[in-house]
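Here are some notes to read beside the structure, written for someone who is new to looking at protein models. Please keep the view open and find each residue as it is named.

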Amino acid sequence: MAGKQYAAAVDQGTTSTRFMIFDHAGNVAGVHQLEHEQIYPQAGWVEHDPLEIWARTQDVIEGAMQKSGVATPELASIGVTNQRETTVVWDKNTGEPYYNAIVWQDTRTDRICNALAVDGRQDRFRDKVGLPLATYFSGPKIKWILDNVDGVRAAAERGDAIFGNIDTWVIWNLTGGPNGGAHVTDVTNASRTMLMDLETLNWDDEILGIMGVPRQMLPEIRPSSDPNLYGSTPASGPLGGAVPVCGALGDQQGATVGQTCFAAGEAKNTYGTGCFMLLNTGTEIVPSESGLLTTVAYKMGDEPAIYALEGSIAITGALVQWLRDNLDFFDFSHHVEDYAKQVEDSGGIYFVPAFSGLFAPYWRSDARGVIVGLTRYINKGHICRAALEATAYQTREVLDAMEKDSGVTLESLKVDGGMVYNELLMQFQADLLGVPVIRPQVAETTALGSAYAAGYAVGFWDDVEALRDNWLIDKTWKPQMDREECEELYRGWKKAVDRTLDWVEQSQ
(Lines give C-alpha, C1' and ligand atoms only; values in the text may rest on other atoms or scores of the structure.)
Protein backbone atom coordinates (compact mmCIF):
# COMPACT_ATOMS: atom_id res chain seq x y z
CA MET A 1 0.00 0.00 0.00
CA ALA A 2 1.96 2.96 -1.30
CA GLY A 3 2.34 5.71 1.27
CA LYS A 4 0.42 3.77 3.90
CA GLN A 5 2.75 3.02 6.79
CA TYR A 6 0.43 2.65 9.77
CA ALA A 7 -2.82 1.17 11.04
CA ALA A 8 -4.54 2.71 14.04
CA ALA A 9 -7.14 1.92 16.66
CA VAL A 10 -9.50 3.72 18.99
CA ASP A 11 -9.41 1.76 22.26
CA GLN A 12 -12.42 2.88 24.30
CA GLY A 13 -12.16 1.24 27.72
CA THR A 14 -14.07 1.29 30.97
CA THR A 15 -12.00 4.03 32.58
CA SER A 16 -10.18 5.68 29.67
CA THR A 17 -9.94 6.15 25.92
CA ARG A 18 -6.81 6.04 23.82
CA PHE A 19 -5.73 6.18 20.22
CA MET A 20 -2.84 3.93 19.23
CA ILE A 21 -0.90 3.95 15.98
CA PHE A 22 1.02 0.81 14.90
CA ASP A 23 3.58 0.23 12.18
CA HIS A 24 3.65 -2.86 9.96
CA ALA A 25 5.71 -4.80 12.51
CA GLY A 26 3.10 -4.15 15.21
CA ASN A 27 5.23 -1.64 17.09
CA VAL A 28 3.60 1.35 18.76
CA ALA A 29 4.30 4.50 16.74
CA GLY A 30 2.06 6.82 18.77
CA VAL A 31 -0.39 6.83 21.64
CA HIS A 32 -2.46 9.29 23.64
CA GLN A 33 -4.81 8.38 26.49
CA LEU A 34 -7.35 10.23 28.64
CA GLU A 35 -9.63 9.09 31.48
CA HIS A 36 -13.34 9.83 31.74
CA GLU A 37 -15.70 10.17 34.68
CA GLN A 38 -17.20 7.15 36.46
CA ILE A 39 -20.77 8.01 37.51
CA TYR A 40 -22.40 6.14 40.42
CA PRO A 41 -26.01 7.43 40.83
CA GLN A 42 -26.81 4.80 43.47
CA ALA A 43 -25.53 1.49 44.81
CA GLY A 44 -25.02 -1.00 42.00
CA TRP A 45 -25.47 1.61 39.23
CA VAL A 46 -22.51 2.55 36.99
CA GLU A 47 -22.80 5.08 34.15
CA HIS A 48 -20.68 7.01 31.66
CA ASP A 49 -21.46 10.18 29.72
CA PRO A 50 -21.43 9.15 26.02
CA LEU A 51 -20.73 12.72 24.89
CA GLU A 52 -17.70 12.86 27.18
CA ILE A 53 -16.47 9.59 25.69
CA TRP A 54 -16.81 10.97 22.15
CA ALA A 55 -15.03 14.19 23.19
CA ARG A 56 -12.18 12.15 24.72
CA THR A 57 -12.03 10.05 21.54
CA GLN A 58 -11.50 13.14 19.42
CA ASP A 59 -8.90 14.49 21.87
CA VAL A 60 -6.82 11.29 21.92
CA ILE A 61 -6.86 10.99 18.13
CA GLU A 62 -5.53 14.53 17.79
CA GLY A 63 -3.01 13.98 20.62
CA ALA A 64 -1.58 10.74 19.23
CA MET A 65 -1.28 12.16 15.72
CA GLN A 66 0.51 15.24 17.00
CA LYS A 67 2.90 13.36 19.29
CA SER A 68 3.77 10.74 16.66
CA GLY A 69 4.18 13.10 13.74
CA VAL A 70 2.13 10.69 11.62
CA ALA A 71 0.13 12.38 8.86
CA THR A 72 -3.45 11.35 8.05
CA PRO A 73 -2.58 10.13 4.49
CA GLU A 74 -0.13 7.65 6.07
CA LEU A 75 -2.94 5.81 7.89
CA ALA A 76 -4.16 2.72 6.04
CA SER A 77 -7.20 2.21 8.22
CA ILE A 78 -8.73 2.58 11.69
CA GLY A 79 -10.21 -0.09 13.93
CA VAL A 80 -12.30 0.32 17.05
CA THR A 81 -12.12 -1.78 20.20
CA ASN A 82 -14.29 -1.14 23.20
CA GLN A 83 -15.61 -1.95 26.63
CA ARG A 84 -18.32 -4.45 25.77
CA GLU A 85 -21.98 -4.53 26.87
CA THR A 86 -21.97 -0.85 27.86
CA THR A 87 -25.23 0.40 26.39
CA VAL A 88 -26.06 3.70 24.67
CA VAL A 89 -29.39 4.81 23.17
CA TRP A 90 -29.35 8.09 21.25
CA ASP A 91 -31.26 10.25 18.76
CA LYS A 92 -29.96 9.49 15.27
CA ASN A 93 -30.97 12.96 14.07
CA THR A 94 -29.09 14.98 16.69
CA GLY A 95 -26.54 12.59 18.21
CA GLU A 96 -27.89 13.38 21.69
CA PRO A 97 -28.06 10.40 24.09
CA TYR A 98 -31.43 9.86 25.76
CA TYR A 99 -29.66 8.67 28.90
CA ASN A 100 -26.15 8.05 30.18
CA ALA A 101 -24.38 4.91 28.97
CA ILE A 102 -25.22 2.02 31.31
CA VAL A 103 -21.88 0.31 32.00
CA TRP A 104 -21.31 -3.46 31.84
CA GLN A 105 -20.72 -3.58 35.63
CA ASP A 106 -24.14 -2.04 36.38
CA THR A 107 -26.61 -4.32 38.24
CA ARG A 108 -29.87 -2.33 37.93
CA THR A 109 -31.34 -4.89 35.51
CA ASP A 110 -31.40 -7.59 38.19
CA ARG A 111 -35.20 -7.56 38.40
CA ILE A 112 -35.54 -7.65 34.62
CA CYS A 113 -33.22 -10.67 34.43
CA ASN A 114 -35.06 -12.45 37.24
CA ALA A 115 -38.41 -11.83 35.52
CA LEU A 116 -37.04 -13.16 32.22
CA ALA A 117 -35.64 -16.23 33.97
CA VAL A 118 -39.12 -17.70 34.38
CA ASP A 119 -39.05 -20.54 36.94
CA GLY A 120 -35.35 -19.90 37.56
CA ARG A 121 -34.28 -20.66 33.99
CA GLN A 122 -31.09 -18.60 33.91
CA ASP A 123 -30.12 -20.43 30.70
CA ARG A 124 -33.41 -19.61 28.92
CA PHE A 125 -31.66 -18.17 25.85
CA ARG A 126 -28.26 -19.87 26.18
CA ASP A 127 -28.77 -22.38 23.33
CA LYS A 128 -29.14 -19.51 20.88
CA VAL A 129 -26.91 -16.77 22.31
CA GLY A 130 -24.35 -18.65 24.41
CA LEU A 131 -25.03 -16.47 27.45
CA PRO A 132 -26.87 -16.83 30.77
CA LEU A 133 -29.43 -14.27 31.84
CA ALA A 134 -27.30 -11.77 33.75
CA THR A 135 -27.09 -8.03 34.37
CA TYR A 136 -23.79 -8.03 32.45
CA PHE A 137 -25.29 -8.03 28.95
CA SER A 138 -26.78 -5.27 26.78
CA GLY A 139 -30.27 -6.61 26.03
CA PRO A 140 -31.74 -6.08 29.52
CA LYS A 141 -30.05 -2.66 29.67
CA ILE A 142 -31.83 -1.60 26.46
CA LYS A 143 -35.10 -2.81 27.96
CA TRP A 144 -34.45 -0.79 31.13
CA ILE A 145 -33.92 2.42 29.11
CA LEU A 146 -37.02 1.75 27.01
CA ASP A 147 -39.10 1.10 30.14
CA ASN A 148 -37.76 3.87 32.36
CA VAL A 149 -36.72 6.88 30.26
CA ASP A 150 -39.61 9.05 29.08
CA GLY A 151 -40.20 9.11 25.36
CA VAL A 152 -37.56 6.60 24.35
CA ARG A 153 -39.87 3.73 23.43
CA ALA A 154 -41.99 5.99 21.21
CA ALA A 155 -38.80 7.37 19.62
CA ALA A 156 -37.55 3.82 19.02
CA GLU A 157 -40.86 2.77 17.45
CA ARG A 158 -40.73 5.67 14.97
CA GLY A 159 -37.06 4.96 14.16
CA ASP A 160 -35.40 7.95 15.84
CA ALA A 161 -33.88 6.23 18.90
CA ILE A 162 -31.04 3.88 18.02
CA PHE A 163 -28.94 1.57 20.15
CA GLY A 164 -25.30 0.67 20.21
CA ASN A 165 -22.65 -0.78 22.42
CA ILE A 166 -19.71 1.63 22.66
CA ASP A 167 -18.21 0.32 19.39
CA THR A 168 -21.35 1.40 17.53
CA TRP A 169 -21.45 4.80 19.26
CA VAL A 170 -17.80 5.52 18.39
CA ILE A 171 -18.04 4.26 14.79
CA TRP A 172 -21.25 6.23 14.17
CA ASN A 173 -19.59 9.44 15.39
CA LEU A 174 -16.25 8.64 13.73
CA THR A 175 -17.93 8.23 10.32
CA GLY A 176 -20.05 11.38 10.43
CA GLY A 177 -22.58 11.07 13.25
CA PRO A 178 -25.92 12.72 12.27
CA ASN A 179 -24.41 13.42 8.84
CA GLY A 180 -24.40 9.89 7.48
CA GLY A 181 -22.63 8.03 10.28
CA ALA A 182 -22.57 4.24 9.90
CA HIS A 183 -24.93 2.48 12.34
CA VAL A 184 -23.07 -0.84 12.53
CA THR A 185 -21.62 -3.31 14.98
CA ASP A 186 -19.40 -6.33 14.50
CA VAL A 187 -20.24 -9.94 15.31
CA THR A 188 -18.20 -9.95 18.53
CA ASN A 189 -20.01 -7.00 20.08
CA ALA A 190 -23.37 -8.24 18.81
CA SER A 191 -22.69 -11.55 20.56
CA ARG A 192 -22.64 -9.69 23.90
CA THR A 193 -26.14 -8.28 23.66
CA MET A 194 -28.05 -11.53 24.36
CA LEU A 195 -29.98 -10.68 21.17
CA MET A 196 -27.88 -12.34 18.42
CA ASP A 197 -28.16 -15.96 17.31
CA LEU A 198 -24.63 -17.43 17.30
CA GLU A 199 -25.34 -19.66 14.30
CA THR A 200 -27.06 -17.19 11.98
CA LEU A 201 -25.05 -14.17 13.21
CA ASN A 202 -28.26 -12.16 13.04
CA TRP A 203 -30.65 -10.57 15.52
CA ASP A 204 -33.14 -13.07 16.90
CA ASP A 205 -36.74 -11.93 16.44
CA GLU A 206 -38.12 -14.22 19.16
CA ILE A 207 -35.79 -12.84 21.83
CA LEU A 208 -36.36 -9.27 20.61
CA GLY A 209 -40.08 -9.85 21.09
CA ILE A 210 -39.64 -11.27 24.58
CA MET A 211 -37.35 -8.39 25.58
CA GLY A 212 -39.58 -5.79 23.91
CA VAL A 213 -36.72 -4.33 21.85
CA PRO A 214 -37.75 -2.88 18.44
CA ARG A 215 -35.53 -4.33 15.71
CA GLN A 216 -35.15 -0.97 13.95
CA MET A 217 -33.12 0.31 16.95
CA LEU A 218 -30.37 -2.18 16.30
CA PRO A 219 -27.23 -1.69 14.21
CA GLU A 220 -26.36 -3.77 11.15
CA ILE A 221 -24.11 -6.71 12.10
CA ARG A 222 -20.87 -6.77 10.07
CA PRO A 223 -17.60 -8.76 10.07
CA SER A 224 -14.90 -7.76 12.57
CA SER A 225 -12.59 -7.09 9.63
CA ASP A 226 -14.67 -5.72 6.77
CA PRO A 227 -13.20 -5.13 3.27
CA ASN A 228 -16.48 -3.38 2.39
CA LEU A 229 -15.68 -0.76 5.05
CA TYR A 230 -18.06 0.54 7.71
CA GLY A 231 -17.39 4.07 6.50
CA SER A 232 -14.64 6.70 6.40
CA THR A 233 -13.69 9.63 8.58
CA PRO A 234 -14.99 12.97 7.25
CA ALA A 235 -12.79 15.97 6.54
CA SER A 236 -14.55 17.79 9.38
CA GLY A 237 -13.52 15.12 11.91
CA PRO A 238 -10.46 14.99 14.17
CA LEU A 239 -8.25 13.49 11.42
CA GLY A 240 -9.15 16.18 8.88
CA GLY A 241 -9.35 13.66 6.05
CA ALA A 242 -10.75 10.36 4.83
CA VAL A 243 -9.42 7.20 6.51
CA PRO A 244 -11.28 3.87 6.16
CA VAL A 245 -12.97 2.63 9.35
CA CYS A 246 -13.23 -1.11 8.78
CA GLY A 247 -12.31 -3.08 11.91
CA ALA A 248 -14.16 -3.61 15.18
CA LEU A 249 -13.70 -6.06 18.03
CA GLY A 250 -14.95 -6.11 21.58
CA ASP A 251 -11.97 -5.48 23.82
CA GLN A 252 -11.38 -9.10 24.82
CA GLN A 253 -11.76 -10.36 21.28
CA GLY A 254 -9.38 -7.59 20.26
CA ALA A 255 -6.80 -8.95 22.68
CA THR A 256 -7.37 -12.48 21.32
CA VAL A 257 -6.53 -11.26 17.81
CA GLY A 258 -3.68 -9.10 19.11
CA GLN A 259 -2.22 -12.17 20.84
CA THR A 260 -2.60 -14.04 17.50
CA CYS A 261 -4.67 -16.82 19.11
CA PHE A 262 -5.79 -17.97 15.66
CA ALA A 263 -5.66 -21.74 16.27
CA ALA A 264 -8.26 -23.75 18.15
CA GLY A 265 -6.97 -24.42 21.67
CA GLU A 266 -4.98 -21.20 21.99
CA ALA A 267 -5.94 -18.95 24.91
CA LYS A 268 -5.18 -15.53 26.33
CA ASN A 269 -6.03 -13.72 29.56
CA THR A 270 -6.39 -9.95 29.76
CA TYR A 271 -5.81 -8.28 33.13
CA GLY A 272 -7.64 -4.96 33.14
CA THR A 273 -10.53 -3.46 35.10
CA GLY A 274 -11.93 -6.97 34.95
CA CYS A 275 -10.20 -10.16 33.84
CA PHE A 276 -11.16 -12.05 30.71
CA MET A 277 -9.85 -15.38 29.46
CA LEU A 278 -10.74 -16.52 25.94
CA LEU A 279 -10.08 -19.94 24.42
CA ASN A 280 -10.33 -20.25 20.64
CA THR A 281 -12.67 -23.15 19.72
CA GLY A 282 -12.42 -22.67 15.94
CA THR A 283 -15.57 -22.78 13.85
CA GLU A 284 -17.27 -24.96 16.49
CA ILE A 285 -19.81 -23.43 18.86
CA VAL A 286 -18.97 -25.11 22.18
CA PRO A 287 -21.77 -24.87 24.77
CA SER A 288 -20.55 -24.47 28.35
CA GLU A 289 -21.59 -26.76 31.17
CA SER A 290 -19.32 -24.95 33.64
CA GLY A 291 -20.51 -21.36 33.78
CA LEU A 292 -18.50 -19.97 30.88
CA LEU A 293 -19.80 -17.89 27.98
CA THR A 294 -19.91 -19.05 24.38
CA THR A 295 -19.05 -16.07 22.22
CA VAL A 296 -17.74 -15.02 18.81
CA ALA A 297 -13.95 -14.55 18.78
CA TYR A 298 -13.75 -12.78 15.40
CA LYS A 299 -14.85 -12.88 11.77
CA MET A 300 -12.45 -11.85 9.02
CA GLY A 301 -14.35 -10.70 5.92
CA ASP A 302 -16.19 -13.55 4.18
CA GLU A 303 -14.33 -16.23 6.13
CA PRO A 304 -16.34 -18.31 8.65
CA ALA A 305 -16.83 -16.90 12.14
CA ILE A 306 -14.42 -18.19 14.78
CA TYR A 307 -15.89 -18.89 18.22
CA ALA A 308 -14.51 -18.95 21.74
CA LEU A 309 -15.23 -19.94 25.31
CA GLU A 310 -14.85 -17.01 27.68
CA GLY A 311 -14.48 -16.68 31.40
CA SER A 312 -15.39 -13.17 32.59
CA ILE A 313 -14.30 -11.84 35.99
CA ALA A 314 -15.87 -8.54 37.01
CA ILE A 315 -13.32 -7.06 39.41
CA THR A 316 -9.51 -7.41 39.16
CA GLY A 317 -7.69 -4.15 38.36
CA ALA A 318 -10.77 -2.36 39.65
CA LEU A 319 -9.98 -3.78 43.11
CA VAL A 320 -6.60 -2.03 43.06
CA GLN A 321 -8.35 1.18 42.00
CA TRP A 322 -10.78 0.72 44.90
CA LEU A 323 -7.90 0.44 47.38
CA ARG A 324 -6.41 3.59 45.84
CA ASP A 325 -9.55 5.73 45.51
CA ASN A 326 -11.95 4.54 48.20
CA LEU A 327 -9.49 3.64 50.98
CA ASP A 328 -6.57 5.95 50.05
CA PHE A 329 -4.10 3.07 50.45
CA PHE A 330 -1.71 4.64 47.92
CA ASP A 331 -1.57 7.43 45.33
CA PHE A 332 -0.78 5.32 42.25
CA SER A 333 -2.04 1.85 41.40
CA HIS A 334 1.42 0.40 40.75
CA HIS A 335 2.30 1.00 44.43
CA VAL A 336 0.09 -1.94 45.37
CA GLU A 337 2.99 -4.24 44.49
CA ASP A 338 5.38 -2.32 46.76
CA TYR A 339 3.10 -2.92 49.77
CA ALA A 340 2.37 -6.51 48.77
CA LYS A 341 6.11 -7.28 48.66
CA GLN A 342 6.54 -6.12 52.26
CA VAL A 343 4.93 -9.37 53.46
CA GLU A 344 5.76 -12.97 52.61
CA ASP A 345 2.16 -14.02 52.07
CA SER A 346 -1.39 -12.77 52.66
CA GLY A 347 -1.34 -13.76 56.32
CA GLY A 348 -4.18 -16.22 55.87
CA ILE A 349 -6.73 -13.72 54.54
CA TYR A 350 -8.67 -13.86 51.30
CA PHE A 351 -10.27 -10.90 49.52
CA VAL A 352 -13.18 -11.86 47.25
CA PRO A 353 -14.15 -8.69 45.31
CA ALA A 354 -17.76 -9.56 44.48
CA PHE A 355 -18.64 -5.85 44.36
CA SER A 356 -21.25 -6.39 41.63
CA GLY A 357 -21.87 -10.08 42.18
CA LEU A 358 -19.74 -12.91 40.82
CA PHE A 359 -19.28 -13.51 37.10
CA ALA A 360 -17.78 -16.76 35.72
CA PRO A 361 -18.12 -19.50 36.65
CA TYR A 362 -20.80 -18.66 39.24
CA TRP A 363 -23.06 -15.95 37.72
CA ARG A 364 -24.41 -14.95 41.14
CA SER A 365 -25.71 -11.39 41.34
CA ASP A 366 -26.60 -11.98 45.01
CA ALA A 367 -22.93 -12.20 46.04
CA ARG A 368 -21.05 -9.27 47.61
CA GLY A 369 -17.41 -8.70 48.48
CA VAL A 370 -15.74 -10.09 51.60
CA ILE A 371 -12.38 -10.15 53.35
CA VAL A 372 -12.16 -13.33 55.44
CA GLY A 373 -9.62 -14.68 57.90
CA LEU A 374 -8.86 -11.33 59.55
CA THR A 375 -6.75 -11.30 62.73
CA ARG A 376 -4.87 -8.57 64.61
CA TYR A 377 -1.76 -9.68 62.72
CA ILE A 378 -3.08 -8.38 59.38
CA ASN A 379 -1.72 -5.10 58.02
CA LYS A 380 -1.94 -3.02 54.87
CA GLY A 381 0.62 -5.19 53.08
CA HIS A 382 -1.44 -8.34 53.64
CA ILE A 383 -4.57 -6.68 52.26
CA CYS A 384 -2.69 -5.46 49.19
CA ARG A 385 -1.25 -8.92 48.61
CA ALA A 386 -4.66 -10.58 49.06
CA ALA A 387 -6.12 -8.12 46.54
CA LEU A 388 -3.53 -9.15 43.93
CA GLU A 389 -3.92 -12.84 44.72
CA ALA A 390 -7.70 -12.54 44.20
CA THR A 391 -7.05 -11.95 40.50
CA ALA A 392 -4.96 -15.11 40.23
CA TYR A 393 -7.48 -17.24 42.13
CA GLN A 394 -10.36 -16.07 39.96
CA THR A 395 -8.32 -16.84 36.84
CA ARG A 396 -7.64 -20.36 38.13
CA GLU A 397 -11.38 -20.93 38.59
CA VAL A 398 -12.03 -19.87 35.00
CA LEU A 399 -9.22 -22.04 33.62
CA ASP A 400 -10.54 -25.09 35.48
CA ALA A 401 -13.97 -24.51 33.92
CA MET A 402 -12.43 -23.98 30.47
CA GLU A 403 -10.48 -27.23 30.56
CA LYS A 404 -13.59 -29.09 31.72
CA ASP A 405 -15.76 -27.70 28.89
CA SER A 406 -13.26 -27.93 26.06
CA GLY A 407 -11.30 -31.05 26.97
CA VAL A 408 -8.16 -29.04 26.18
CA THR A 409 -5.37 -28.91 28.76
CA LEU A 410 -3.69 -25.53 28.55
CA GLU A 411 0.08 -25.75 28.21
CA SER A 412 0.79 -22.03 28.65
CA LEU A 413 -1.15 -18.79 29.07
CA LYS A 414 -0.59 -15.66 26.99
CA VAL A 415 -1.30 -12.57 29.11
CA ASP A 416 -1.84 -8.89 28.42
CA GLY A 417 -3.31 -5.76 29.97
CA GLY A 418 -2.13 -3.25 32.54
CA MET A 419 -1.63 -5.69 35.44
CA VAL A 420 0.87 -7.92 33.62
CA TYR A 421 3.70 -5.61 34.67
CA ASN A 422 3.05 -6.66 38.27
CA GLU A 423 5.80 -9.25 38.77
CA LEU A 424 4.42 -10.60 42.04
CA LEU A 425 1.00 -11.23 40.51
CA MET A 426 2.37 -12.90 37.37
CA GLN A 427 4.58 -15.26 39.38
CA PHE A 428 1.70 -16.19 41.70
CA GLN A 429 -0.47 -16.75 38.62
CA ALA A 430 2.05 -19.18 37.13
CA ASP A 431 2.33 -20.98 40.47
CA LEU A 432 -1.42 -21.32 40.88
CA LEU A 433 -2.04 -22.51 37.30
CA GLY A 434 0.99 -24.77 37.13
CA VAL A 435 1.82 -23.59 33.59
CA PRO A 436 4.12 -20.89 32.17
CA VAL A 437 2.64 -17.40 31.90
CA ILE A 438 3.90 -15.49 28.84
CA ARG A 439 3.86 -11.72 28.31
CA PRO A 440 4.42 -10.46 24.73
CA GLN A 441 6.53 -7.45 23.85
CA VAL A 442 3.40 -5.44 23.04
CA ALA A 443 1.30 -6.16 26.14
CA GLU A 444 -1.52 -3.77 25.23
CA THR A 445 -2.87 -6.17 22.64
CA THR A 446 -6.50 -5.00 22.71
CA ALA A 447 -5.82 -2.00 20.47
CA LEU A 448 -3.31 -3.97 18.40
CA GLY A 449 -5.96 -6.58 17.60
CA SER A 450 -8.45 -4.04 16.27
CA ALA A 451 -5.69 -2.35 14.27
CA TYR A 452 -4.88 -5.79 12.83
CA ALA A 453 -8.56 -6.31 11.91
CA ALA A 454 -8.74 -2.92 10.18
CA GLY A 455 -5.39 -3.32 8.42
CA TYR A 456 -6.24 -6.85 7.27
CA ALA A 457 -9.48 -5.54 5.71
CA VAL A 458 -7.60 -3.18 3.37
CA GLY A 459 -4.58 -5.40 2.65
CA PHE A 460 -2.09 -3.60 4.91
CA TRP A 461 -1.40 -7.09 6.29
CA ASP A 462 -1.83 -9.87 3.71
CA ASP A 463 -2.58 -12.85 5.95
CA VAL A 464 -2.68 -13.99 9.58
CA GLU A 465 0.83 -15.44 9.30
CA ALA A 466 2.12 -11.88 8.89
CA LEU A 467 0.41 -11.08 12.18
CA ARG A 468 1.87 -14.16 13.89
CA ASP A 469 5.35 -13.04 12.82
CA ASN A 470 4.83 -9.80 14.79
CA TRP A 471 4.17 -11.65 18.08
CA LEU A 472 7.32 -11.74 20.24
CA ILE A 473 7.86 -12.88 23.83
CA ASP A 474 8.92 -10.28 26.39
CA LYS A 475 8.96 -12.40 29.58
CA THR A 476 7.93 -15.84 30.81
CA TRP A 477 7.10 -16.80 34.41
CA LYS A 478 7.38 -20.51 35.29
CA PRO A 479 5.71 -22.26 38.25
CA GLN A 480 7.91 -22.36 41.36
CA MET A 481 5.59 -23.06 44.30
CA ASP A 482 5.00 -26.58 45.65
CA ARG A 483 1.81 -27.99 44.09
CA GLU A 484 0.29 -29.13 47.39
CA GLU A 485 0.82 -25.68 48.87
CA CYS A 486 -0.94 -24.18 45.84
CA GLU A 487 -3.88 -26.55 46.19
CA GLU A 488 -4.22 -25.80 49.89
CA LEU A 489 -4.33 -22.07 49.19
CA TYR A 490 -6.90 -22.66 46.45
CA ARG A 491 -9.13 -24.67 48.77
CA GLY A 492 -9.08 -21.70 51.15
CA TRP A 493 -10.16 -19.43 48.30
CA LYS A 494 -13.12 -21.69 47.54
CA LYS A 495 -14.23 -21.44 51.17
CA ALA A 496 -13.95 -17.67 51.00
CA VAL A 497 -16.11 -17.52 47.85
CA ASP A 498 -18.82 -19.51 49.66
CA ARG A 499 -19.01 -16.70 52.26
CA THR A 500 -19.99 -14.15 49.57
CA LEU A 501 -23.14 -15.93 48.40
CA ASP A 502 -26.77 -15.14 49.26
CA TRP A 503 -25.91 -11.73 50.69
CA VAL A 504 -28.44 -9.76 48.62
CA GLU A 505 -32.05 -10.86 48.87
CA GLN A 506 -33.27 -11.76 45.38
CA SER A 507 -36.26 -9.74 44.15
CA GLN A 508 -38.70 -10.31 41.34
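1. A residue is called buried when its relative accessible area is under 20%, exposed when that area is over 50%, and partly exposed in between. Please bear in mind throughout that this is a predicted model.

2. The residues D251, Q252, Q253, G254, A255, T256, V257 and G258 of α9 are buried.

3. What follows α9 in the chain? The helix is followed by T260, a residue with a positive phi, near 50°, and T260 is placed in the loop between α9 and β15. T260 has a relative accessibility of 2% and so counts as buried. Leaving aside residues up to four places away in sequence, T260 touches E266, K414, Y452, L467, R468 and W471.

4. Next, consider how the helices pack. Two packed helices are described by the angle between their axes and the distance between the axes. For α12 (residues 380–406) and α16 (residues 483–498), the angle is about 95° and the axes are 11 Å apart. Angles of 65 to 115 degrees count as roughly perpendicular, and α12 and α16 are therefore described as roughly perpendicular to each other. On the α12 side the contact is made by A390, Y393, Q394, R396, E397 and D400, and on the α16 side by R483, E487, L489, Y490, W493, K494 and V497. By kind, these contact residues divide into six nonpolar, one polar and six charged.

5. Helix α16 also packs with α13: the axes of α13 and α16 come within 9 Å and cross at roughly 100°. These two helices are therefore roughly perpendicular to each other as well. Here F428, D431, L432 and L433 in α13 meet R483, C486 and L489 in α16, and the residues of this contact divide into five nonpolar, no polar and two charged.

6. In one of them, the rings of W322 and F355 have centres 5.2 Å apart and planes at 50°, so the pair is tilted. This pair links distant parts of the chain, for W322 is in helix α10 and F355 is in the loop between β19 and β20, 33 residues apart. Are these two residues buried or partly exposed? W322, at 26% relative accessibility, counts as partly exposed, and F355 is partly exposed with a relative accessible area of 30%.

7. Another pair is formed by Y393 and F428, which lie 5.5 Å centre to centre with 85° between the planes, an edge-to-face arrangement. Because Y393 lies in helix α12 and F428 in helix α13 (residues 423–433), the pair ties together parts that are 35 residues apart in sequence. Both Y393 and F428 are buried.

8. Finally, look at a cluster of rings and at two charges. Ring pairs link W104, Y136, F137, F276, F359 and W363 into a cluster. The charged end of R84 sits over the ring of F276, at 5.3 Å from the ring centre. In the same way, the charged end of R396 sits over the ring of Y490, at 4.0 Å from its centre; R396 and Y490 are among the residues that make the contact of α12 with α16.

Methods: Residues are numbered from 1 along each chain as its sequence is written. This is a predicted model: local features need pLDDT of at least 70, side-chain atom pairs count only at pLDDT 80 or more; totals for chains, interfaces and linings use all residues. Side-chain values use heavy atoms; hydrogens and water are left out. Axes are lines fitted to C-alpha atoms, for helices over the stretch in contact, and angles run from 0 to 180 degrees between N-to-C directions. Helices (H or I, at least four residues) and strands (E, at least two) are DSSP runs, numbered from the N terminus. Angles under 35 degrees count as roughly parallel, over 145 as roughly antiparallel, 65 to 115 as roughly perpendicular and the rest as oblique. Contact means heavy atoms within 4.5 Å. Ala, Val, Leu, Ile, Met, Phe, Trp, Tyr, Cys and Pro count as nonpolar, Asp, Glu, Lys and Arg as charged, and the others, Gly among them, as polar. Buried means under 20% relative accessible area, exposed over 50%, partly exposed in between (1.4 Å probe, protein chains only). Rings of Phe, Tyr and Trp (its six-membered ring) pair if their centres lie within 6.5 Å; planes under 30 degrees apart count as stacked, over 60 as edge-to-face and the rest as tilted. A charge sits over a ring if NZ of Lys or CZ of Arg is within 6 Å of the ring centre and within 35 degrees of the ring normal.
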